[in-house]
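I opened my notebook to get to know a new structure. Come along and have a look with me.

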Amino acid sequence: MNYRSTSARRGSYIAFILISVFTDVSAFLPTSKKYSTVISNDAKKLPFINSSASISTTSIAAMVDIREEAPRNMQPFDAWANQCGVRRCKGFQFTSNDGQDWSIMTSENLPAGAPVVGVPANMILSSQRVKQELEAMSNGGVQDAVKQLGMIGAAGCTPEFYLTVKILLELERGDQSPYFPWLDSLPRLFFNAASMTDFCYECLPPLVFRLSREERTKFDNVFSVMKKVDIISDNAKMNKDLVKWAFNVVHTRSMPSTVNSNDVKIVPMADYFNHG
């Protein structure tokens, strides 16, 4: 078994990630669990929700509830990670002060550079691999959207765009997505610039305002070209709240590749190191 490692430090915490190269992960199959959840405040517009029927444990496919007040389902994610072969150090545990903001800590002291968690390579969302997957599924719509990003001067956010589309694709698959337990564990409430209200922007000092507007512009650009993507349902890709949630997941939990400057990755489980 081969490993590729990266490390990062935040205060007194060491995040040392072992990316293990496994070839088979049995948990990467539809979960077939019937969680009683509904997707977004605008669920009636989504094609995969039957708005005339009550959402219950008899639903054909469970969906991730992205409403801000929805709970984060941590226990199914924890079990899923174990089934996928994620390896953890002694004392590894999730921690939260309020039940909404979750991160990782260890209950035991670890020497500097000690491995904390090992994540199978095929769990990792890589923008380069996602690009290949999406283009193989598309009849040209994904490529047209990326071309449009370049035309409006937003080519720099292309890797994150691929990941945003991938998140939307997996959301539409509901609990038939192999990533469902991870998606269902993610934050519903974000405090980044794309989530700010107009009133929030009015309260910002000039420099922070400018930086925040840059991120808001990134989202506006991504949303404007999303209509060209032909592998996502029209109702989902035009649902601004849903697209913003996927955008926020990518822009708060991804990291640049240490090998390929054009590749951006999200590593489920490692993304809980408080973005360390």
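My entries on this structure follow.

**Ground rules.** I am reading a predicted model, where local features need pLDDT of at least 70, side-chain atom pairs count only at pLDDT 80 or more, and totals for chains, interfaces and linings use all residues. Residues are numbered from 1 along each chain as its sequence is written, and side-chain values use heavy atoms, with hydrogens and water left out.

**The whole chain.** I looked up the secondary structure and found nine helices and nine strands; these are DSSP runs numbered from the N terminus, helices being H or I of at least four residues and strands E of at least two. The chain has 276 residues, and 47% of them count as buried (under 20% relative accessible area, with exposed over 50% and partly exposed in between, using a 1.4 Å probe and protein chains only).

I followed an open sheet of three strands, in the order 7-9-8 and with antiparallel pairing. Its edge strands are strand 7 (125-126) and strand 8 (255-256), each pairing on one side only. Two strands pair if DSSP finds at least two bridges between them, and two bridges do join strand 7 to strand 9 (residues 264-266).

**Ser-126.** Which residue of strand 9 is the bridge partner of Ser-126? I found Lys-265 there. Ser-126 itself lies in strand 7 and is buried, at a relative accessible area of 3%. Its side chain makes a polar contact of 2.9 Å with the side chain of Asp-263 (a pair of N or O atoms within 3.5 Å; within protein, one must be able to donate a hydrogen and the other to accept it, and residues adjacent in sequence count only if both atoms are side-chain atoms).

**Rings.** My search of the whole structure gave 10 aromatic pairs (rings of Phe, Tyr and Trp, the last by its six-membered ring, with centres within 6.5 Å; planes under 30 degrees apart are stacked, over 60 edge-to-face, the rest tilted). Phe-92 and Phe-94 have ring centres 6.3 Å apart and planes at 80°, so they pair edge-to-face. Phe-94 is buried at 16% relative accessibility. The rings of Phe-94 and Tyr-272 are also edge-to-face, because their planes stand at 75°, with centres 5.4 Å apart. That pair links distant parts of the chain, with Phe-94 in strand 4 (residues 92-96) and Tyr-272 in the segment after strand 9, 178 residues apart.

Is Tyr-272 buried or exposed? I noted it as buried, with a relative accessible area of 0%. Ring pairs link Tyr-272 into a cluster whose members include Phe-77, Trp-80 and Trp-182.
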